[in-house]
Amino acid sequence: MIQFERFVLQNGLRVLVHTDVSTPMAVVNVLYDVGARDENPKQTGFAHLFEHLMFGGSVNIPDYDEPLQMAGGENNAYTTNDLTNYYIQLPADNLETAFWLESDRMLSLAFNEKSLATQRKVVCEEFKENYLNKPYGDVWHTMRQLAYQVHPYQWMTIGKELAHIEQAQLQQVKDFFFKHYTPCNAILVVAGNVHAGKVVALAEKWFGDIPSGTKYNRQLPQEPTQTKARQKEMRAAVPLDLLCKTWHMAGRLGEDYHATDLLTDILGGNNSSRLYQQLVKEQKLFVHLDCYHFGSSDPGLLTIEGKLVEGISMEKAEQALQIEIDKICKEGPSEQELQKVKNKTESLIAFEDMSVMSRASSLAYYELLGDAAWMNTELQQYASVTTAQINEVSNQLFRAENSNTLYYYATK
Amino acid sequence: MNPLNRKQAPPLVDAVHYQLELKPCEQHTLDNGVPVYMIDAGAEEVLQLEWVFWAGNSYEEQNLIAATTNYLLKNGTATKSSYQIDEQVDYLGAYLNRSCFNEQATLTLHCLSKHVEKLLPLVRELLTEAVFPEEELRLYKQNMKQRLTVNLRKCDFVAGRLIDTYLFGETHPYGKFSSAEAYDALERDQLVSFYDRYYRNGQFALFVAGKIPSNLIGVLNQLFGDLPNSAQLLPSHPAKQAVQKKYRIENDATGMQGAIRMARPFPNRHHEDFIPALVLNTVFGGFFGSRLMSNIREDKGYTYGIHSYILNLQQTSAWMISTEAGKEVCEATVKEVYAEMEQLRSTLISEEELSLVRNYMMGGLLGDLDGPFQLIGRWKNLILNELPPAHFYKTIDTIRNCSAEQLRELAKRYLQPEDFYELVVI
């Protein structure tokens, strides 16, 4: 049970405090309710580029990193399709330094041309390093475009193309900032060796006078129900063929989310799971096979992806995979299989909760979804899923017309 | 009330003044002399148990035998199939991982404390009755070779292998690498005999951390206190450094980036320069605010990240600089790395910068000592490197007190371009 207190400042900033005196450290986590899905389709990659610019100095503090390092702290950030999250860990004695730094960059950035020019280059190198210069690095670029025709999940957080980042202008950066980086669109979590009363006082002092901003009303085009199976073939200079299939699944708050998450584990969560046992170990068709999803806020994609053993045809591999899918649709999982993935979820949560940093970011995330307290009821949600529900979800999900298939052929 | 002055930083407690303490580690000895190190701490009901065997690749007579034996430890015993083993571990929500290093090889169990007694007999079975089925080995060879073909397309993977061979030689445990031929040459009998000598009859130690049940040590003694635990003598492997210093390799004609590795041999943790070099390295390329990051990423935008570090090796080590940079700026990047070395050799680090690095390192250390798994990791590092706890306090003392002059001397001794291997793989 993770204890926390919640306060809301006048300007709408939500503040959560989680105290753990067993650590000498404190964590300050600021989540902004903006991700790649909120980007203009002609300016993709912006939310992530922006994350880089957040380290280029703020209106009153020319350098963000130096004072933090002087305080013995470390920080980082990440951007997903749904949100952007910044976190600091530092000795609890120096907590106020984190308030000073984070509040100033929420107030306003320095908006400097040089920083924009450099970070454009840095992000282009990141794009190359992770997606363009890696074998199979373009699989998700292609799959997103195939599976999403209107929803902005059709691009990756790094962006649709290098050109969008290369052309980013300072005025666009400013507009983006004042639209999304405001108290009413943010959640502040302070955790570790901290006192709630003191945190509130510090929050009032440093964040209290920042103008609230306008609440961002997300109105994204929702993906229409897919009615026909989609396929795409690609060829690239890679050594092995790859098969990647996705099916539209429930969003994070969808009724079927927990059952779908457990279904994913039953199929591909570990070495004893169905697909690995059957297709990698028994039939030796795939070198590896993964089944996963991203837990995205809007309806996401359950994915099965694997590289084929050399000499195995795509048709044969896909057929064998279909047999496994048909099996789970027809028979559902056994009670033992379901209990196994529930046990795994229980231990995964316990291990995650060991770190204060992880507790802080989970609180922020659940608060974004609707209520930080859901963090404590999550395990029950999983525990109440039945084999019948999983069976039902499988049949709903694994319809041919709900599927997207990417055949990625090696040209050697 | 005064208006808030946002230009004024809040007062700081200098992390340098923290009285850092390495919390003690409980030590027990099983009936067979096997040491058990324990940290009982943490709020969650979880445990980590690590069996460390003196069975790393330094002990093998043919490439990949140590790694393969370690990997296939849980792929079948006299009475259980690979699937049954995985199923039992997975059912209890546990994780059983294995890793092979140069001197040691490990088996690590993570589980909820309430399940540990159900899992330990299985671990004993893996350590006494593993059979390495022919079919499992065949599948392993096939899949590892295919994974290798994918990895060999990556410039960073290729560069990482090559730089190690320049530093240590292709036959040295730190320098040798996998190949399709080496996988093909593996035979089941070799694994069985390596297992017999270095696991079943091998030398090992146990590292345990988390919420420890009160009877755990008794259970461990019952299940692992009767294993032979015969001392192993580390074979000597002299390093053979390459003569040629500079390499440019084209791995992928269409590549957009080059993987850059620059490295020089460096002594191990017992050398008096090792700890001050950690401080100098932090200034050079050891954190986000380092000279290399500030210049090559934050000023020039040549790369997404550039780092320097001293390799975590026991016998002898190396000082490495590593990055991926745009193809057209690789040579410029190499030049800038040398320029930063030159700067460190010629100009004293300012007290301001040094003080920032001292605080950053101390704050990091404070965070690194937080939590049972982190603590046992630090103890394990000392124990496997045969260092006394005093080494930890010496590190702190050096972080606090080493002088700019001392670091400049160190730079003059070690950051000399002519001592560095230099490699770009596109």
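Rings of Phe, Tyr and Trp (its six-membered ring) are taken as a pair if their centres lie within 6.5 Å. By this rule, the predicted model holds 42 aromatic pairs over all chains.

**Figure 1. An edge-to-face pair of W140(A) and F294(A).** The ring centres of W140(A) and F294(A) lie 5.1 Å apart, and their planes make an angle of 65°. W140(A) belongs to helix α5 (residues 139–147) of chain A, whereas F294(A) is in the loop between β9 (286–292) and β10 (301–308) of chain A. The pair thus joins distant parts of the chain, 154 residues apart. W140(A) counts as buried because its relative accessibility is 14%, below the limit of 20%.

**Figure 2. An edge-to-face pair of F392(B) and Y393(B).** Here the centres are 5.1 Å apart and the planes stand at 90°. F392(B) has a relative accessibility of 3% and therefore counts as buried. Y393(B), with a relative accessible area of 37%, is partly exposed.

**Figure 3. A cluster of aromatic rings in chain A.** Ring pairs connect several residues into this cluster, among them Y32(A), F46(A), F50(A), F55(A), Y64(A) and Y86(A). The cluster also includes F111(A), F176(A), F177(A), F178(A) and Y181(A).

**Figure 4. The open sheet of chain A, with 6 strands.** The strands follow the order β1-β2-β6-β3-β5-β4, and their pairing is mixed. At the edges stand β1 (5–8) and β4 (74–79) of chain A; each has a single partner strand, so one side of each is left without a neighbour in the sheet. From one strand to the next, the twist averages 15°. Strand β2 (residues 14–19) of chain A pairs with strand β6 (residues 186–192) of chain A in the parallel sense, over 6 bridges. Within these strands, L16(A) stands opposite V189(A) of β6(A). Helix α1 (residues 46–53) of chain A packs on the sheet, where it touches β4 and β5 (84–91) of chain A. The direction of α1 makes about 165° with that of β4(A).

**Figure 5. The packing of helices α9 and α12 of chain A.** Helix α9 (residues 257–268) and helix α12 (residues 335–352) of chain A meet at an angle of about 105°, and their axes are 9 Å apart. Angles of 65 to 115 degrees count as roughly perpendicular, and α9(A) and α12(A) are therefore roughly perpendicular to each other. From α9(A), the contact is made by L262(A), D265(A) and I266(A). From α12(A), the residues are E337(A), L338(A), V341(A), K342(A), K344(A) and T345(A). By class, this contact has 4 nonpolar, 1 polar and 4 charged residues.

**Figure 6. The open sheet of chain B, with 6 strands.** The order is β1-β2-β6-β3-β5-β4, with mixed pairing. β1 (26–29) and β4 (95–100) of chain B stand at the edges with a single partner strand each, so one side of each has no neighbour in the sheet. The twist averages 15° from one strand to the next. β1(B) and strand β2 (residues 35–40) of chain B pair in the antiparallel sense over 4 bridges, and T29(B) stands opposite P35(B) in β2(B).

**Figure 7. Two helices on the sheet of chain B.** Helix α12(A) lies across β3 (46–53), β4 and β5 (105–112) of chain B, and runs at about 100° to β5(B). Helix α3 (residues 116–129) of chain B packs on the sheet and touches β3, β4 and β5 of chain B. The direction of α3 makes about 160° with that of β5(B).

Definitions and conventions
Residues are numbered from 1 along each chain as its sequence is written. Chains are lettered from A and ligands numbered from 1 in the order in which they are written. This is a predicted model: local features need pLDDT of at least 70, side-chain atom pairs count only at pLDDT 80 or more; totals for chains, interfaces and linings use all residues. Side-chain values use heavy atoms; hydrogens and water are left out. Two strands pair if DSSP finds at least two bridges between them. Axes are lines fitted to C-alpha atoms, for helices over the stretch in contact, and angles run from 0 to 180 degrees between N-to-C directions. Contact means heavy atoms within 4.5 Å. Angles under 35 degrees count as roughly parallel, over 145 as roughly antiparallel, 65 to 115 as roughly perpendicular and the rest as oblique. Ala, Val, Leu, Ile, Met, Phe, Trp, Tyr, Cys and Pro count as nonpolar, Asp, Glu, Lys and Arg as charged, and the others, Gly among them, as polar. Rings of Phe, Tyr and Trp (its six-membered ring) pair if their centres lie within 6.5 Å; planes under 30 degrees apart count as stacked, over 60 as edge-to-face and the rest as tilted. Buried means under 20% relative accessible area, exposed over 50%, partly exposed in between (1.4 Å probe, protein chains only).
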